[in-house]
Structure formats: C-alpha cells, structure tokens
Amino acid sequence: MLTERLVTDVLLAALSTGGDFAEIFMEDTYNTMIRMINGQVEEGVTGRDYGVGIRIFQGTRSVYAYTNDTARENLMRVALEAAAALADTPQVKSIVLARMAVEKFNPIVLEPRLVASTDKVGVMRKAHTAAFDYHEQISQVAVNYLDVDQNVFIANSDGLMADDRRVRTRLSINAVATKGNEKQSGFYGPGRHMGFELFDHIDVEEYAREAARIAVTMVNADYAPSGKYPVIIHNEFGGVIFHEACGHGLEATSVAKGASVFSGKLGEQVASELVTAVDDGTIANAWGSQNIDDEGNKTRRNVLIENGILKGYMVDKLNGRRMGMEPTGNSRRQSYKYAPTSRMTNTFICAGESSFEDIISNTEYALFAKHMGGGSVNPATGEFNFAVAEGYLVRNGKIEKPVRGATLIGKGSEILQKIDMVGSNWSTGQGMCGSISGSIPADVGQPTIRVTEITVGGREEAK
Amino acid sequence: MDIREFKDQVFAAGREAGLEEMEVYVSRSKDFSVRIFQEEVDDYTVSLEQGVGFRARYGGKVGYAYVEAVDEDSIKLLVEGAKANAQIIDSDDEIVFFAGSAEYPEVVAFNEELGKVSPEERIEFAKTLETEAFATDSRVALVNWATTGYGETDVYIANTKGLEQSFSRNAAYSFVSAMVKEGETVKTGGRFLFKNDWSQFDAKKQAQEAVQEGVSLLDASTVKSGEYRVLLRYDVVQDLLSTFSSVFSAEAVQKGLSLLGGKLGEQIASPKVTLIDDPLLPNGGASAPFDAEGVATKTKEVIAQGTLTTFLHNLKTAKKDGVESTGNAFRASFKSPVGISPSNFYIKPGEKSYDELVQELGSGLIIIDVQGTHSGANPVSGDFSLGAYGYLVENGKITRAVDQITIAGNFFKLLESVEEIGSDLEFGIPGYGGNVGSPSLIIEKLAIAGN
C-alpha cells in the first residue's frame, strides 16, 4: 500500500497545473475462474490485477491516467503526465488526509483464497450432475465458477482516505438441450457479495435443475407469435427490463448532458402510479452492494421513482458538478483501468399488491416472459431490446404453452406508463452490467408485472 | 524488471517447483483517448499497462495464472497458481507447447506515422467532430459522443520449448454520435472508425454522415409484420458475422456446439459467398505473423463459393482432428486461456455499389442497425431475433425510415439466401469475434415484426 506521504505528493503533482480535485484509486485484486464442461474441468485461471488510477478535475473537465507500476517515480511521472492535459496555475497547495471509518456491512465468512480448489470444483460437479441428470434431452452442461477478492484504497484532495474490500462469488450454469437438429439453452448464474459461504446459502442443485428445465422446455416449444400485445414479465431477472430501459437513463452519465429521456423530468409522472423503483447499494451481501462506492462515498438507498413520480437520479461527483447535485453513492468502475461514473448497484421495482395467480387469471391473451435473457438500450431515445429466455402464451387466464425465440422492443418511458399490474412476489437476479466504466456486478429485480402492450419480435405472426 | 529477465526468473522458479513445460504471453500497451463535450475536454485518459499470462504443464495437465505487477511476489503467484490450477484439470485434451514455425510471414500492422500524431492534434480532431456535427443540421440537439483515441500493443510469447516471438501493432479510432430532435421525436446517428492510417480520418465527413443518418430517421415508424426482402447494410452483416463467428471454430464443432459439424466440403451458403480469414491483411485490425500459441498465421478461404472448406483451429483442436493448426489460437487478453478466433474475417466483396443494391432490392427493407446481438442471438441454433431499424424501399427508392421492428431468422439459412453482394467492404471494431468485415448483402427474405 502507498504511504500517506506518497499519496499527498502524487495528489499535489496531479493538481500542479490548476486542477481543483484529484483522486487516487489503488486496486489489488485476486481472481479465480474455473470452467467445467460436461463434468470435466477444462480450465483453471488465477490471477492478480494490480494498479493505480489517478483522476483530476478542473471544473467539469476530467483527466484520467492509470498504470500498474506503483513505484514512487512512476506514479509521480504519471500524475504529471495527466496534469499536462491542463495548463493553469495551481489552486490547491496543501492536502490533509483523514482516514474515513467505513462501515463494513457485507461480512465475508469464508475467504475464497483460503478455500481449496477441490472444494470449488466439488460445488461445480454437484451443479453439473443435477443439470445433466435432469432430462435425457440435456446434451451439454457448462459450469463456470468465479471468485473475486478486490481490495481498494481511495484518497482524494478533499482529504478523504478510505479502503474497502469486495469479495464476490458466483456460479453460472448453462445447460443445452438437444432435440433432433435443434438446440436450446437455459442459464442460471447465482452470485453474492460474499465468500465461499455462498454455497451454504443457496441450493446449487436447484439452480442447475432450473437451467436444465428452461433448456428442455424451450427445445420442445413452438416459436412465439410476433406483434404488439400484452406481456407479463416475471420477477427476479425480469427486472433487467427496468435496469436497461429506465435505469441507464437515470444515470447522471446521460442525464447531466441532456442525453437521457429523463433529463429535466424530476417531479414529473414518468411511470404508472403502480411503480416505485429504487437503487439500493446497502443490501447486506447482495451482488451489487458495496460498503463504499469507487469514489469513497457511502452507498445509499436511493428512491428513483415513487408512485410513478420521478424522484431522483444516480449521481457521481463529476456529473454532480454539471447537475448541481450531490453524489448518491453510485460511482462505480470495473477496475483501476476505468474512471468511475454513475452506475447502478441493486436496482429494482418494488413489490405491489397483486398475487401472481391474479395476474395470470386476469389476462385474456399475453406473452408470459418467465425468464429474461439480456438486453440493451439507447439512453438518448430510450429504445430497448430484450431476449426472452423462457416464454409462455397466456390465453383466457391460463398459461397455455411454452414459446421460444421472442424479443421485446420498445421505449422505456412508454413501457413504464403501460404497467397495469404489479405483483407481490418481489425477488432479484444477478447480472453483469456493461457501460463506459466497464463491466460491473449488478442486481436487478422486481415482482411479476403486466404491461398492456409491447412489440414482440419473433418468426410467427400472431393468430 | 525487464520482461526477458522476468521470464527467465519465472521459468527457473517453475523448474524448481517441478513444472514440466512453461510459457509466458506478455502484452504491453500504451493508450490515449480524448472526449469532447460542448467544446471542452470532457475526458482525457492516458495509460501504460502490461500483463503476463503464464501457463504450465504439471502432472501432464496445464494450468493458468496471470499477474500485472512484474515483481518478486508475482513470480511466486504465477508458479504456484498455475501448478494448483493444473491439478484440478480433468480434461484429457492434449495441450501442445509449440517450439515455433519454420518461418513467419511479414506482416505490416504498425504505422510509425500514426504514433507521431500529437495529443493536441487528436484533441483538435475530436473538437472538429463536435463542431461539424452541429454545423451539419440545425436539428442537432446534442453531440453525445465526440471522441478519438490511439493505442499501441506489443505481444511477446516465449516458452521452454524454445519459442520466442514478438510483434507490435497500433491503431486509432474515432466515434461521433449526434442526437437530433424534431418536435418530440429524438433519434441518434453515429459513425465509428478504426484504422491505423491517420490520413483516413476525416472529422467533417464522419460527423456529417452521423448527423445525416440521425436526421434520415426522424420520420421513422414501424411496418406491418411479415416477410420482407432485405438489404443488410455492411455494418449489420459485421454484427451478425461476429456474433456467429464461433460456429466456424473447431472447438465449437468438437464440443457439438456448431451446427456446421460434419459439413466440411458441403455447400452451406449461396455460391456467391466466399468468406476469408486473412491475418496477413496489410494494416488489418487483427493482423499478426503468429497466433496466441506462436504458430505462423496464413490466409485461407473458410467458405469458398458457398462450400465450407475448413474450420478454424488451434494446436489442441488440430491434434484432435488430425490436421494442421490454421494459426487461429487466440487469447482475448493475457488473462484468458487459449481459445480460437478468426483474425481479419470478411465476406469477399462483389461488384455492385450500395446504391445499385438499393435499386435492385426493388421493394423491401434496408436494415442499418441491429441491437441485442449479445442476447437475442443463439450461436448454437443460429436463431436470432433482434431489434432493428432502417428504411422502407419501394420501387428501388427509399420512401421513409422504419423503426420499432425486429428481424428474426437463422444465421445458417441467411448464408444460403444471400442473393447479392455489394462492393462496399468495410471492417468494424476488432473484438472477440475477430476483426470482422463485410459488404452489404441482399437477403431473399427475413421475418419482420412490427405491428
């Protein structure tokens, strides 16, 4: 770790050309990845990411530099090289660092680095067997194990000095079902901000069987009808639709520049009044939680939308300057190789009042998207697309039959207004979210919701 | 510590720990990028980084480890990590450490002149992107991206079999995206460029094309669902080809994850389609004289006039199939194990210009963008269902823009139903699916969902 003296010297060097704020982010991360295909471990990789990122602001101008040589002379050189992008006289002449007390609310019990590889492989085998034995149509099972032990140190010219440790563990299971010439896959990827004790908290075999069940269901399904009609989106990873279609548009990264459909709409009705949505980085041990964000701010529970009214954005320090707003604990980055920016943590639509059964039985005709795949959005226009990983047709209040190959497209702002039922069965799922500050773990979530109409893409015309 | 010295120390420590064979794969890169927002430098990033990927055979199996810091601690991490990881491997696949090819091709991928462009010049370029975008049309509300960057990468591979090769490559990129607004309608138009010749960067042209595209979409609406004859613009074909490029990988074939398995020598595409993998392409984004295992690269036709002629191999898959490696071993970074990827991978262009293709389309749709290839496409089945937009064409003329539609089909059927190939070959951004290039294509029919 860096000495306080070195940190101060580097920050002052970074500010030597007129910057008004400088920050150091140092990272020392241990990673493990094990890949198993058809019950055989094919690859094991362990590694250490190590480096420092230096960020300088002058007003809303931002400079970033990073290196993995942390010797004094190199850090000073990099700080000066970054500072060279600005060319004024120094404003900040002294810095007094004070260590911040970070409340560690994500306890880690079994440090992954102290767990034997064979135990990790043991969990993978359990998942493989459960998925493979699920059905005779399962032709391949791939299981990936991942753990990350990220140690960060953050210091800035306002005097902040903090460190944090983020340990995350994840298992992902991909099952392929084959029927004749056709193949379909099913996926589950449970993960938490915790150590190897994850596997005391979750039933690996249950997740594996679910992945297999999705694959088998889909390989035996007809194609989904295309057209514009009602869609019921299930809980858990179904929340990816809110994450993509609305969450990204509520990040200061796009709001500050007026590049979001939600810019300038605080206090306005942007969603059906059934919708309350939150970004909450403080849920103990959740996949997207952190004790502090990557600028050293405490994470928070931020209400984004309350009863349909837009209440707040997710704000980082730089964009906060543009917007005249305080940071909300959402500043995140994949690693020291990225300048942080406003990102989601655990983002979800809150529980409503309808039971799942009521939603189905009150629906005449709809696509029921039980499991969602990934998706993406253009924050400027709000146009999104999502793949439905497991779909069903609902007819006359009953789930009629499974359908595959559906894609949902539309505009986030329109979908939010068209939510007409919100369930009480709230739950979350895990994803990796990619944006300009890299790929980061994020939870999505919601109860089952019903949307009056969405364009469903597929190969068969609606009948 | 010098990297060769570091390698010697790692190999010495490894021998002491009983490792049987060892290899280092080192990449070092220097990058610069600048982004402009409202005439100010909004983001300016410089970086210098390196990473060492290490793999070693122990007890006959191969384990991996990597580090970024080149110091004493790292030597221990590499040796102990790879050794521990070797011990959990079950797979009986034979992994070969390669002593080197008899000769290596000459490949030009480092442009000295490009490296000499100053940061000031690059900042000026990004500013021009923004200014010219605003100047192009009064409906430009915001230029949400005006950025350019430069990077150079050195790759060095050495192993205990005697292999020792290195190679350098550089490239620049620029991206501009404009938000255009008319009434309540908002559209974006963007243009990306990735080349290693600075003279091919024209900020004004790039900005104008981006804005014109955005503006051309302002009158967009959906179309009736049904089957349409479709012109896929070159960049859409690039997206599809890179999404599905794994189907040509021998690894996917051997694992039963490619429907092309068993089809070598068979007609799998329209006779008009020739698909080339050319790692020797001068200044190509994925050009290199050797692959990630140190095997000399070579140019080959993967599909020759519709016939599947080869899969892409690394040493492991080649050994399994009893063939030679095609020089397509690939590591996404020093952190990644050896896999397979195409290099500069492109559909051979035809004779007709884009405008001629539009005429020839007659009535149908032009697709200029697809979204969701990472989720709405299944490389195993070949099925895709993607958000899309573009234009409606009637009697050989574009009549209006189209949005809020999806296109659905199957990659293998798409290859069979290529009716016409344009002359407008362009390459995209090098990535996991290779550095993919394509001209625009007319496809007999695709399912479109609108209303």
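This is a predicted model: local features need pLDDT of at least 70, side-chain atom pairs count only at pLDDT 80 or more; totals for chains, interfaces and linings use all residues.
Two strands are taken to pair if DSSP finds at least two bridges between them.

## Overall form of chain A

Chain A has ten helices and 25 strands. Its radius of gyration is 24 Å, close to the 23 Å that the globule rule gives for 463 residues, so chain A is as compact as a globular protein of that length. Taken along the principal axes, the box filled by the C-alpha atoms of chain A is roughly 70 × 55 × 35 Å.

Of the 463 residues of chain A, 59% count as buried. Among contacts in chain A between residues at least 6 apart in sequence, 76% join residues that are at least 24 apart.

## Contact between chains A and B

The contact between the chains takes 64 residues from chain A and 55 residues from chain B. On the side of chain A that touches chain B, S2(A) gives the most, with twelve residues. By class, that side of chain A has 21 nonpolar, 30 polar and 13 charged residues.

Strand pairing also crosses from one chain to the other: four bridges join S2(A) to strand S3 (residues 61-67) of chain B, and these two strands run parallel. In this pairing A:Gly47 stands opposite B:Tyr66 in S3(B).

In chain A, the loop between strand S1 (21-37) and strand S2 (40-58) holds A:Asn38, whose phi is near 50°, a positive value in a residue other than glycine. A:Asn38 counts as partly exposed because it has 16 C-beta neighbours inside 10 Å, a count that falls between the limits of 12 or fewer for exposed and 20 or more for buried.

In chain B, B:Gln38 lies in the loop between strand S1 (21-37) and strand S2 (40-58), and it has a positive phi of about 50° although it is not a glycine. With 11 C-beta neighbours inside 10 Å, B:Gln38 counts as exposed.

## Helix H5 of chain B

Helix H5 (residues 203-216) of chain B has 14 residues, which at 1.5 Å a residue should span 20 Å, and the 20 Å between its end C-alpha atoms agrees with this expectation. The buried residues of H5(B) are B:Ala203, B:Gln206, B:Ala207, B:Ala210, B:Val211, B:Glu213, B:Gly214 and B:Val215. An α-helix has 3.6 residues a turn, so residues three or four places apart point the same way.

What covers the buried residues of H5(B) includes one helix, H4 (119-136), together with strand S4 (140-159), strand S5 (164-182) and strand S6 (185-195), which belong to chain B.

How values were computed:
Residues are numbered from 1 along each chain as its sequence is written. Chains are lettered from A and ligands numbered from 1 in the order in which they are written. The expected span of a helix is 1.5 Å times one less than its number of residues. Two residues are in contact if their C-beta atoms, placed from the backbone, lie within 7 Å. Ala, Val, Leu, Ile, Met, Phe, Trp, Tyr, Cys and Pro count as nonpolar, Asp, Glu, Lys and Arg as charged, and the others, Gly among them, as polar. The radius of gyration is taken over C-alpha atoms; the globule rule is 2.2 Å times the number of residues to the power 0.38.
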